[in-house]
Amino acid sequence: MSNNTFLENFYNEYDEDGRLENNCLGRVEYLTTRRYLDPLLTADCKIVEIGAGTGRYSVTLAKEGYDVTAVELVQHNLDILNRKLDGSENIKTFLGNALDLNMLEDNTYDVTLLLGPMYHLYSEEDKITALIQAVRITKPGGHILVAYCMNEATVIQYVFGCNQLKSVMDLNMITDDWKCVSEPKDLFEMVRIEDIERLNATVPVERIKLVATDGASRYIRDYLEEFDDETFAKWLSYHFATCERQDLIGATNHSLDILKKV
């Protein structure tokens with residue numbers, strides 16, 4: 001079975017819109033990403049999202065009046081994205097792969113979003129290729145926002161929290177220094193901060209910020225979903241106050257690397 005088939009099977013059944021819109025955990029991630037994305041946007045900027053999914057970001061940004069290009073690997077997701085459009089939006093959509101963006105020209109976009117592909121690339125070579133492609137299509141001085149799944153949250157919450165230690169050890173899915181080992185059938189690839197920095201060293205970028213997009217939210221997920229509006233607002237306030245703390249970012253589930261092309 002190919003890498004893409006595993007992803008297609010997963011996303012054909014997965015409710016990505018529901019994850020980002022309808023539960024508190026997904027809202028923290030979305031609101032945090034927008035908190036850092038929105039100051040980078042100008043009225044005439046061109047935005048591209050690689051791995052656009054069902055369009056939670058691309059469609060929303062297009063309906064807000066921005067010039068958007070959306071590239072998605074999974075046809076099922078792209079069909080959902082296109083059904084959300086009424087024809088008034090300034091958006092172009094493509095079926096495509098983050099590893100080969102030959103349909104997009106060099107130095108074209110002010111903001112490039114790579115918010116999903118790094119979750120599903122398992123070799124360093126592929127991660128570097130995706131990053132090179134994202135940087136290539138971004139204008140000099142433009143920004144690239146890259147999302148990652150982080151290693152330590154998976155070890156704490158899944159390996160130990162879900163009592164999966166024996167199974168992951170039997171399957172050689174964890175190294176002696178507790179680095180998760182994934183392959184396409186596992187769907188998600190986890191990284192550490194030093195892995196991200198090693199990738200960044202291969203492309204002409206400077207880091208603006210590295211941010212925890214959900215921080216400790218998943219650790220208190222059961223409580224979070226029970227918060228009333230006032231308490232949830234207070235949690236967001238706490239999260240926003242701490243999401244740039246570098247001593248905490250390694251333990252987040254999702255991180256956002258905000259880069260500038262030089």
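**Exercise 1.** Decide whether Lys260 is buried, partly exposed or exposed.

*Solution.* Start with the cut-offs: buried means under 20% relative accessible area, exposed over 50%, and partly exposed in between, using a 1.4 Å probe and protein chains only. Lys260 has a relative accessible area of 30%, so Lys260 is partly exposed. This is a predicted model, where local features need pLDDT of at least 70 and side-chain atom pairs count only at pLDDT 80 or more, while totals for chains, interfaces and linings use all residues. Residues are numbered from 1 along each chain as its sequence is written, and side-chain values use heavy atoms, with hydrogens and water left out.

**Exercise 2.** Find which residues Lys260 is in contact with, leaving aside neighbours within four places in sequence.

*Solution.* Contact means heavy atoms within 4.5 Å. By that rule, the partners of Lys260 are Gly141, Gly142, His143, Pro204, Val205, Glu206 and Ile208. Next, look at Thr138: its C-alpha atom is 9.2 Å from that of Lys260, though the two are 122 residues apart along the chain.

**Exercise 3.** List the residues that Ile47 touches, not counting those up to four places away in sequence.

*Solution.* Go along the chain from Ile47 and pick out Leu41, Leu61, Tyr66, Asp67, Val68, Thr69, Tyr109, Val111 and Leu113.
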